[in-house]
Amino acid sequence: MTPTLQVFLIISATLFSIGLLAVLSRRHAIFILIGIEIMLAAANLNFIAFWRFGPQPQPPTGVMIALFSIAIAAAEAAVGLAMVIAVYRHYHTTNVDQLDQLRG
Amino acid sequence: MNSAAFIVTAIFTVAAALAAATLRNLMHAALSFAAAFVGIAALFFLLGAEFVGLALVFIYIGAVAVLVVFTILLTRRDVGKDRGFNWGGASVAVAVFACLTWSILKTQSLAIGAPHIATLTVKRIGAALMTTYVWPLQCVGILLTAALIGALILVMEERR
């Protein structure tokens with residue numbers, strides 16, 4: 001049995017749900033960022049899987065958009081982790097439940 | 001596509017991602033995060049996108065995982081462990097997973113095997129990057145520069 005497109009999509013859905021689980025259940029800001037990174041990687045896996053199983057256009061579009069998406073995810077990770085450090089300097093905590101100064 | 005290698009890789013990836021999402025010890029979770037990205041890169045290799053897999057290894061394990069570990073070290077005094085687990089979030093994640101899986105399995109047109117394709121060489125990717133995708137490439141370069149300068153400004157010490 002060779003894996004079909006469905007199998008890859010289900011793995012990607014599993015990874016996305018795991019990332020969502022980390023975002024929704026963790027209270028530590030760094031791990032919310034890790035969850036977002038896992039969700040972005042699941043989206044990239046979808047792009048690559050659809051490129052591999054679909055019709056082949058001359059410039060490999062699925063691979064290209066996955067490359068750009070990885071670059072944007074890297075920029076997002078750098079800014080997000082810098083924000084975690086800045087928040088920690090101001091509030092001396094990284095627990096997102098305690099960052100509630102704007103709550104009305 | 002080798003199915004035994006595929007099954008092993010898929011189980012390893014999902015297990016490492018689950019460990020990254022649920023482990024209490026922050027350092028262990030960061031290491032599982034790196035392991036999960038090794039697995040995802042291996043899946044890209046199995047799909048025939050070797051260059052993207054290598055880029056993923058370089059960027060995520062070489063840069064992002066190191067950044068995460070340094071951020072954990074810099075915010076170490078706060079908590080060694082992540083306390084509390086939100087069961088509402090877990091149930092939402094399970095519901096999303098059930099919906100996605102159900103809709104994927106219901107769609108008949110997705111049950112297709114892989115066609116034979118020409119090998120994706122780095123030459124082809126480079127040619128596409130330098131012709132069709134040259135403007136997106138420049139925009140991503142500007143975005144990365146701006147993001148890195150912004151990150152530096154965010155973490156710079158404030159002058160008093």
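1. Domain bounds here come from an automatic or database domain assignment. On that basis chain B is divided into domain 1, covering 1–83, and domain 2, covering 119–160, and the centres of these two domains of chain B, taken over C-alpha atoms, are separated by 22 Å.

2. A word on the basis of these remarks: this is a predicted model, in which local features need pLDDT of at least 70 and side-chain atom pairs count only at pLDDT 80 or more, while totals for chains, interfaces and linings use all residues. Residues are numbered from 1 along each chain as its sequence is written, and chains are lettered from A and ligands numbered from 1 in the order in which they are written.

3. Chain A has three helices and zero strands, where helices (H or I, at least four residues) and strands (E, at least two) are DSSP runs numbered from the N terminus. Its C-alpha trace spans about 50 × 30 × 25 Å along the principal axes. The radius of gyration of chain A is 18 Å, whereas a compact globule of 104 residues would have one near 13 Å; this radius is taken over C-alpha atoms, and the globule rule is 2.2 Å times the number of residues to the power 0.38.

4. Between the chains, 60 residues of chain A are in contact with 70 residues of chain B, contact meaning that the C-beta atoms of two residues, placed from the backbone, lie within 7 Å. The largest share of the side of chain A that touches chain B comes from H3(A), with 20 residues.

5. The largest nonpolar core has 71 residues, and those with the most contacts inside it are A:Ile38, A:Leu45 and A:Ile48; such a core is a set of buried Ala, Val, Leu, Ile, Met, Phe, Trp, Tyr and Cys residues joined through C-beta atoms within 7 Å. H2(A) gives the most to this core, namely 15 residues. Leaving aside residues up to four places away in sequence, A:Ile38 touches residues of both chains, including A:Leu15, A:Ile18, B:Ala17 and B:Ala36.

Note on methods. Buried ≥ 20, exposed ≤ 12 C-beta atoms within 10 Å, placed from the backbone.
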